[in-house]
Amino acid sequence: MGPHVANVFNPRSWTQSSLMLDRITLEVTRITLATGLFAIGVELPKSYMYDHAKSLLTMVVPTMAIGWLIVSGLLKALFPKLELLACLAIASCLTPTDPIISAAIVGGEFATRHVPENLRHLISAESAANDGLAYPFLTFAIYLIVDTTAKDGVKDWVLIGILYQVVMGTVIGALLGYGFSKFMKVAHRMGWIDRQSYVAQYLALSIFTAGLVSTIGSDDLLAAFAAGCAISWDGDFKERTKGELFGTVIDLVLNCGCFIYIGAWLPFETFNMPELGITPWRLSLLCVGILVLRRIPALLILYKWIPEIQNWKEALFTGHFGPMGVGAVFVSTLAVHKLPVPTYPPETQEDLLALTLQPIVTFVVLGSIIIRKICSSLRYISLLTWLYEKMDFLSHFSTWEGT
């Protein structure tokens, strides 16, 4: 067991069972993500997902797919012991951006003052949507690894991974949000609930939605986001909770608590396992490669089909915001649950994947968070704005030179 400062808070000491610890981690991250995604859906402008559906579809799916393949290639190059399907499974955990860290980056005084509103809403909506859409990327690789034949794997991926989990989860979440929206309007009109009761639904509805959908095995993260979008589709819920800080405070408390848990839970001792091909220098190169190549090239290619992104500088700015955090930990823990219990030393590719998946993902998450926090402490948004203005000046200067 790795060292923990004063051993005051050490989740790994709570149980001797790695399966039980993974279950605790899974539920802690699930609740945090569900409430955060629900809050993002509520805070978006009314009918935002419908009005900007084309931009989000163009941005989310191709960006995730391109990033997924790039990260898989990096993994295969740096960790040759892993086969391609194993690399695809690990890359799926690192494909989505973290909605909680993204919300913190695009919120606040500096972002409000320096980042255009259309980009802030786009980044928030995309980070929330792609978190739930990590399921199809993960299940594609997992089913092909676990199932007996490739035909069975593809069939399970289409029927379970896409239709049952993603589509059904989204529909259930949207119906729950819409139904609660109508019910709460009637209840308010009849005098059964007051303004404070509206605010309390931030927590109650998000947990209820995630709990119900996860019980039946569908995509609970997309369901929570869909419920948040649907409940404030006409702007009424957002208007009635406007100015109230309860939802924000609860979200902040859960986020801080979750990051404290993840920081204490991180398996530092697994970041150096040469017998499995994992060494600090390989992990460091992977982290740098992911931060540079995972999103930026895709958005520089696709931004012309996204009306909210006006030019390549805004595409570079948007592509830079691809933090990994709670979402990656959640998906990686979920992936471990879907794999057989590994033997050590590994005898099969499934064993190797189960043993290396969390060390690789958690190291990249740690590196991503450290870099984002350094950028935040340096008021990175202000720095990017200054560079943005300088690039404008240089482009005008080159125009003058040409004339």
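**Cavities, a pocket and helix contacts in a predicted model**

The largest cavity is lined by Gly 41, Leu 44, Pro 45, Lys 46, Ser 47, Tyr 48, Met 49, Cys 229, Ser 232 and Trp 233. The structure examined here is a predicted model. Over the whole structure, five cavities of 30 Å³ or more were found.

An open site was also examined. The second largest pocket has a volume of about 660 Å³. Its lining consists of 24 residues, and those nearest the centre of the pocket are Arg 12, Ser 18, Asp 22, Leu 355 and Gln 358. Two or more lining residues of this pocket are contributed by each of helix H1 (18-43) and helix H18 (349-377). By class, 15 residues of the lining of the second largest pocket are nonpolar, six are polar and three are charged.

A cis peptide bond, with omega near 0°, links Tyr 344 to Pro 345. Pro 345 is located in the loop that runs between helix H17 (326-338) and H18.

The packing of helices was then considered. Two packed helices are described by the angle between their axes and the distance between the axes. For helix H7 (residues 117-132) and helix H8 (residues 134-146), the axes come within 4 Å and cross at roughly 30°. Angles under 35 degrees count as roughly parallel, and H7 and H8 are therefore roughly parallel to each other. On the H7 side, the contact is formed by Asn 130, Asp 131 and Gly 132, and on the H8 side by Ala 134, Tyr 135 and Pro 136. These contact residues of H7 and H8 divide into three nonpolar, two polar and one charged.

Helix H8 also meets helix H3 (residues 53-78), the two axes coming within 11 Å and crossing at roughly 40°. This angle makes H3 oblique to H8. The crossing in which H3 passes H8 is right-handed. Met 64, Ala 65 and Trp 68 of H3 make the contact with Ala 134, Phe 137 and Phe 140 of H8. The contact of H3 with H8 contains six nonpolar residues, with no polar and no charged residues.

Methods
Residues numbered from 1 in each chain as written. Predicted model: local features only at pLDDT ≥ 70, side-chain atom pairs only at ≥ 80, totals over all residues. Heavy atoms only, no water. Axes fitted to C-alpha atoms, helices over the stretch in contact; angles between N-to-C directions. Parallel < 35°, antiparallel > 145°, perpendicular 65-115°, else oblique. Left-handed = near helix turned anticlockwise from the far one by under 90°. Contact = heavy atoms within 4.5 Å. Nonpolar A, V, L, I, M, F, W, Y, C, P; charged D, E, K, R; others polar. 1 Å grid on protein atoms, 1.4 Å probe; cavity = no way out; pocket = protein on both sides within 12 Å on 5 of 7 lines; lining within 4 Å. Points joined across faces, edges and corners; volume = space filled by probe spheres on them.
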